[in-house]
Amino acid sequence: MPSASTFEIVERATAVAALANEYSDAGEEQRQLHPVVIDAIADAGFFSMLVPRELGGLEVDVVTMSNVIAAVARGDGAAGWCVMIAATTGVTAAQLPREGAAEMFSDSRAATGGVLMPRGRATRVDGGWRVSGQWSFGSGSGHAKWLLGGSLVFGPDGPETTPENVPHARMMFFPREDVQILDTWYVSGLRATGSNDFEVKDVFVPERRSCPIGGGERWNKGTLYAFPIYGLLAIGVASVGLGIGQAAIDTLRELASAKTPTGSRRLLAERGAAQSGIAEAEALVRAGRAFMHEAIRSAWDRVTQGGKLTLDDRALLRLASTTAAMNAAKAVDLCYNLGGASSIYQNSPLQRHFRDIHTVTQHVMVGQPTLEVAGRIFLGLPTDTSMF
């Protein structure tokens, strides 16, 4: 795919969002994205948004990634989520051995997915690893060509540790045909993401399709690949939330101009509560986005100028992402409540925004504990920073 400007890439996202919105009901019913939406995401290059250009990816900067994910999620939260999962697993192309990266990511239309959490068990064999395990929340499992499963390495004497005395955890990539998808995704929100459990049993993973989680030598030294993978994941999750938050504001604007609340003679838009509420919602989403993008740009500048991200930089990325997600949830709640009884009907987008945003905020990358860890870092207290 030829290179494109940032403006063109975000414009593609707007077009994908419109199509995703059109097929969102079908996605909810089937619990996975409609094939038309999957094709549109692939055509736009978003499955390989963070893959190095030399492998055919877009290799966008992190702010552009955030804007693309939010734009798609504004049309449909589940579609934005699937874009996010493929993008953030695609960034591993710079960490995998180059041969493996080329094998998996040279097809820019091929989606990747999976779970970083080391729920699998890997043992060394000649040429690679034998892996068994089951992972929850395998978003995009219905259309992903490759699935990632984080795994702990076991030797003859039990779990292995690294020279830093932490568990030896690795990313393992499996071709779709080696994976069994378990039909477990019966949930309240983000239904169309197809985030089923998946399982492998004694699958051989060659060395070229594995690398340490959060470590290892990068063959591509671009600025993008200096960002911590958990930080990128948190930014992506929060960006989905920001898109849903903006969609709720869009929906309330339309509703407020047409609805006269029960017991009132004035349109909802003419009531002070609606006016102040929608203003507050807009401020929450914009403030969350501004904080997160500021943290991203600060980190990007440091790496571009030859520096290395500090622990404070990484903490700010996570704090800003969590704040953005929490702000988006507050904005959606405001819009949902202002919509009154209209919000509860199945044909109201507000009920879906409500369900989707409160699924986003349950993700560990933007959960309440992030604030505690960031606070301990800022206070100089001993802290487990393995997921920062």
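**Exercise 1. How do the residues of the lining of the second largest pocket divide into nonpolar, polar and charged?**

This is a predicted model, in which local features need pLDDT of at least 70, side-chain atom pairs count only at pLDDT 80 or more, and totals for chains, interfaces and linings use all residues. Residues are numbered from 1 along each chain as its sequence is written, and side-chain values use heavy atoms, with hydrogens and water left out.

Step 1. On a 1 Å grid over the protein atoms alone, a pocket is an open set of points with protein on both sides within 12 Å along at least five of seven lines, and lining residues have an atom within 4 Å of a point. The second largest pocket has 26 lining residues; Val115, Ser136, Phe137, His363 and Val364 lie nearest its centre.

Step 2. Two or more lining residues come from each of α5 (77-90), β1 (112-125), β2 (128-138) and α7 (229-256). Helices (H or I, at least four residues) and strands (E, at least two) are DSSP runs numbered from the N terminus. β1 gives the most, with five residues.

Step 3. Ala, Val, Leu, Ile, Met, Phe, Trp, Tyr, Cys and Pro count as nonpolar, Asp, Glu, Lys and Arg as charged, and the others, Gly among them, as polar. The lining therefore divides into 15 nonpolar, ten polar and one charged.

**Exercise 2. Describe the largest cavity and its lining.**

Step 1. A cavity is a set of points where a 1.4 Å probe fits but cannot get out. Searching the whole structure gives one cavity of 30 Å³ or more.

Step 2. The largest cavity holds about 40 Å³ of space, a volume being the space filled by probe spheres set on the grid points, which are joined across faces, edges and corners.

Step 3. Its lining includes Cys82, Ile85, Ala86, Gly113 and His143. α5 contributes the most, three residues. By class, the lining has five nonpolar, five polar and no charged residues.

**Exercise 3. At what angle do the axes of α1 and α4 cross?**

Step 1. Axes are lines fitted to C-alpha atoms, for helices over the stretch in contact, and angles run from 0 to 180 degrees between N-to-C directions. The axes of α1 (residues 6-22) and α4 (residues 62-75) cross at roughly 20 degrees and come within 7 Å. α1 is therefore roughly parallel (under 35 degrees) to α4.

Step 2. Contact means heavy atoms within 4.5 Å. Residues of α1 including Ile9, Ala13 and Val16 meet residues of α4, among them Val68, Ala71 and Val72. This contact has eight nonpolar, five polar and no charged residues.

Key
Parallel < 35°, antiparallel > 145°, perpendicular 65-115°, else oblique.
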